[in-house]
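Please look at the structure below before reading on.

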Amino acid sequence: MMIEEKQLSPKRFLYVFGMFIVSVISVFILAYGKKLLLDQALCLLTLFISFWVVFILSLIHQRKIGKFTYKDTTYRNLFFVSLFSWALMILTYYIPDLFGPVLLIGFLFVAVCDSSLSLASCIFMDLLFCFITGTNNYIMYCYCILSIFGILFAYYLKENRNETRIINYLLIFIIQFVVPFIFYVFTFGNIDLKHLCEFLGLALFYTVIIYFGFGYLVRFDLREEEIAYETFLDDEYSLIVDVMHFSLGEYFHARKVSDLARDCAAQIGANELLAACGGFYYRIGILEGEPIVDNSIAIAQKYCLPREAIQILYEYKGINQHPSSPESAIVQMVDSVLTKVEAMRDTMDSSWNQEMLIYQTLNEFSNEGMYDDSNLTMNQFLKIRNCLVMKGDLYDLRTYE
């Protein structure tokens, strides 16, 4: 079971509203440029609002069912992509037919969004643009086909970020050249050397932009996820301050779980920041009391924690569901061991006793099948267990005082 986002937070609502306003203004700019009558412009606006409502509902639904990862649907990124995309569409109105940068718009959307929503958005923008500007069918076909090619290729490059062979960008160059060239021939019946050179230059220009820009956008999207996690883990973050005010003991426990979970995740190549975030907020619901899991999820959703982190909170102690990811398993292991060690720290007189407690606790959970759904291998389990043994000094509360 994946955790649903039960609300559109105020911050996300502002970005969604911003995307809507930018899009409406852009539609009216295009409509004004073609001197459309007011009733025609209102009909276009109604058509656009209908699409927009379906788009947002689909976006929220896909996030609820866990189809999108946190980094793929950051609302701030979608806002800026929408802003730049409509700016490019308005620019398309002022440049010669078939020269529009619709291929770039496809790459913009795919850099931060799911491919299906990217395709729907780009095709709708192409059709709306061509309808408003009254371009002929061949130009509409050209832009739609370019959008399809661009989105498919962008998705391929996004999923294969280490694939930097020049052949990929050569194919982009060929697509950007061939498609407009073909529809120019269909439109005007022939082509001269001047236009042939223009299409070649345009294809080279767009390919260079994609080569340098797309990789940056994808890296920026990933970096934004890192920044978000780092913000949630900063001692000056408001929710962490609330934990400090509630109980320093609870803060020390949460910080130790977070640090140890991060170290363990590094040992097996898991997502360190996700493990650290899930570890700190693992029992954040204690601020509100019982039921801890429900309150943890409510607080996490209020503060817009990543969905993956909220899923870890839902799997607290395996009560509702056993850990479904390596990071969730790590947090459960660390919290369970720490809770026992802290409860018995006054009676344990040697590190040997502590090691035995770690082995016994984790082996019991493993034998019960606690980690069967987490995709942890036996080798990874042993590495995590050894990491906890080696990091025994971190269990001392004095290291955080």
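The axes of helix 12 (residues 292-302) and helix 13 (residues 307-314) cross at roughly 170 degrees and come within 9 Å. Helix 12 and helix 13 are therefore roughly antiparallel (an angle over 145 degrees). This is a predicted model: local features need pLDDT of at least 70, side-chain atom pairs count only at pLDDT 80 or more, and totals for chains, interfaces and linings use all residues. Residues are numbered from 1 along each chain as its sequence is written, and side-chain values use heavy atoms, leaving out hydrogens and water.

**Helix 12 and helix 13**
- On the helix 12 side, the contact (heavy atoms within 4.5 Å) is made by Val 293, Ser 296, Ile 297, Ala 300 and Gln 301, and on the helix 13 side by Ile 310, Leu 313 and Tyr 314.
- The residues of this contact divide into 6 nonpolar, 2 polar and no charged.

**Helix 5 and helix 6**
- Helix 5 (residues 115-133) packs with helix 6 (residues 137-159) at an angle of about 160 degrees, with their axes 9 Å apart.
- That makes helix 5 roughly antiparallel to helix 6.
- Residues that meet here include Leu 119, Cys 122 and Asp 126 in helix 5, and Tyr 143, Ser 147 and Ile 151 in helix 6.
- By class, this contact has 12 nonpolar, 3 polar and 1 charged residues.

How values were computed:
Axes fitted to C-alpha atoms, helices over the stretch in contact; angles between N-to-C directions. Helix = DSSP H or I, 4+ residues; strand = E, 2+ residues; numbered from the N terminus. Parallel < 35°, antiparallel > 145°, perpendicular 65-115°, else oblique. Nonpolar A, V, L, I, M, F, W, Y, C, P; charged D, E, K, R; others polar.
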